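Reader: Could you take me through this structure, please? I would like to ask questions as we go.

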Amino acid sequence: MTRTDQPTATSTGTRTGPRREVLISGASIAGPALAFWLTRYGYAVTVVEKAGAPRGGGYPIDVRGTALDVLERMGVLPQLRDAHIDLRRLTFRDGDGTEVASLHPHAVTGGVAGRDLEVRRGDLTDALHTAVRDDVEFLFNDSIDTLDQTVHGVDVTFHGGGSRTFDMVVGADGTHSRTREMLFGPEERFHRYLGYCFAVFTMRNTFGLSHETVVWNTPGRAAALYAVGEDDRVHAFLNFAQPEPPMDAFRDPEAQRDLVARVFADAGWEVPGMLAALRDADDLFFDGVSQIRMPRWSRGRVALVGDAAYAPSFLTGQGTSLALVGAYMLAGCLADRDHIAGFAAYERDTREFVRVNQELVGQGGATLFPTTARDLERRDDRLRGLSAIPVPEERPAHSALALPTFTPRT
Ligand SMILES: Cc1cc2nc3c(=O)[nH]c(=O)nc-3n(C[C@H](O)[C@H](O)[C@H](O)COP(=O)(O)OP(=O)(O)OC[C@H]3O[C@@H](n4cnc5c(N)ncnc54)[C@H](O)[C@@H]3O)c2cc1C
């Protein structure tokens, strides 16, 4: 745990009165990005994270459009450019492993060569944590037990014991946010399930793959192997149609493994080896493909940011970008305002960006995972056509917000 009670250089001399204290729940992407900007605006920030350290792992993530400007303003873009994954080829195979199409990845993702960033998730969480750890108090292995709002602040009790009062609390604790549940009620009210589940984990690269992704499909099922570089590990990805969300499996990794093994039991290509690796994987990330859509992102002195408020689903590829932009906007809106005016400005100025990016779900990834043989055939025809056309321009939604410059209150 580190704590610095002195304002940072950029905020020194601009503040009068005591520093306002903010508690953030979640130290992944949105949490540290929000902490970074709030400290610059003179806030004293504490981040509580239930894991023992920032969690790496997961599939590589994309950062595009406006979110790149956030990373640039944070000063972490150059090091992340160095960590960029240069994915060169995306190959689709049918049920018996025959090649359908082989294209440049941007033809499918709408990414822009030379501008968009794709990095290992852990490289981004490391960069964000490193950028804030000297200015922010981190409480790892802990979480919020109760929140009680008064006119003066938010009284918080921690699972690990102890209680404190903060001026504001922000939930950056992901799609299954407990902060959201405490504030607004059960996830089901805001969860828009998109009909798929997925599992990602790493396994040995016995396939000779390098800088490429290979995707295998049958109706309602997809398996992919993603070789980031020359590594001896590949990211394995298993996605399948599942009409109802398997609520029981979400909190039980063994149930997740059983479910995936059942769904892919008769699959060909490299899937049997992937299922064997899944059994022993210690970095499994399993979830439903879903969005979070909320009519409001705050109540009183508590607000939500990132996936907790507006997860767009991996089908849009925009979860990390929304988390970064949302964190920048929330902190900026609080730079010279109290929580009432600040939270209102955050919603007013960020909601349209979130909306257009959540809408991408109809255009991109969902069409990559057809559930009927007929739709799969059509998809394959489209993919064969794509290999003949040039790489498209950036999707307007990715840059649909011009970042304002915020000034701390004096
Ligand atoms: C380990 C991991 C692997 C991931 N892998 C993928 C992937 O392969 N594909 C994909 O599409 N998305 C993945 N994601 C989600 C992706 O990171 C987010 O969609 C996106 O980056 C938005 O980030 P976020 O900070 O809003 O939420 P998240 O990245 O989900 O982070 C939420 C953070 O809050 C913490 N947390 C949760 N509950 C509590 C609590 N009660 N108290 C304190 N802390 C809490 C979590 O441990 C996590 O660190 C993964 C997330 C994690 C944590």
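Reader: Which residues does Val 305 touch?

Author: Not counting residues up to four places away in sequence, Val 305 touches Ala 30, Leu 34, Val 170, Ala 172, Gly 326, Ala 327 and Leu 330. Contact here requires C-beta atoms, placed from the backbone, within 7 Å of each other. The model is predicted, with local features needing pLDDT of at least 70 and side-chain atom pairs counting only at pLDDT 80 or more, while totals for chains, interfaces and linings use all residues. Residues are numbered from 1 along each chain as its sequence is written.

Reader: How many residues are in the largest nonpolar core?

Author: The largest nonpolar core has 72 residues, and those with the most contacts inside it are Ala 33, Leu 34, Val 305, Leu 324 and Ala 327. Such a core is a set of buried Ala, Val, Leu, Ile, Met, Phe, Trp, Tyr and Cys residues joined through C-beta atoms within 7 Å. A residue is buried if 20 or more other C-beta atoms, placed from the backbone, lie within 10 Å of its own.

Reader: Which helix gives the largest share of this core?

Author: Helix H10 (residues 319-333) does, with 10 residues. Helices (H or I, at least four residues) and strands (E, at least two) are DSSP runs, numbered from the N terminus.

Reader: And H1, how many of its residues are buried?

Author: 11 of the 11 residues of H1 are buried, so this helix is largely enclosed by the rest of the structure. They pack against S1, S2, helix H2 (66-74), helix H5 (121-132), S11 and H10. Just after H1, Gly 42 takes a positive phi of about 95 degrees.

Reader: Let us turn to the sheet. What is the strand order?

Author: The order is S7-S2-S1-S11-S18-S17, in an open sheet of six strands with mixed pairing. Two strands pair if DSSP finds at least two bridges between them.

Reader: Which strands stand at the edges?

Author: Strand S7 (137-140) and strand S17 (298-299) do; each has a single partner strand, so one side of each is left without a neighbour in the sheet.

Reader: In which sense do S11 and S18 pair, parallel or antiparallel?

Author: Strand S11 (residues 168-171) and strand S18 (residues 302-304) pair in the parallel sense, over three bridges. Gly 171 has Leu 304 of S18 as its bridge partner.

Reader: Finally, what surrounds the ligand?

Author: There are 29 residues around the ligand, the closest being Gly 26, Ser 28, Gly 58, Gly 174 and Gly 306. H10 gives the most to the shell, with three residues.

Technical notes. A residue is buried if 20 or more other C-beta atoms lie within 10 Å of its own, exposed if 12 or fewer, and partly exposed in between; C-beta atoms are placed from the backbone. Two residues are in contact if their C-beta atoms, placed from the backbone, lie within 7 Å. A residue is near a molecule or strand if its C-beta atom, placed from the backbone, lies within 6 Å of it.
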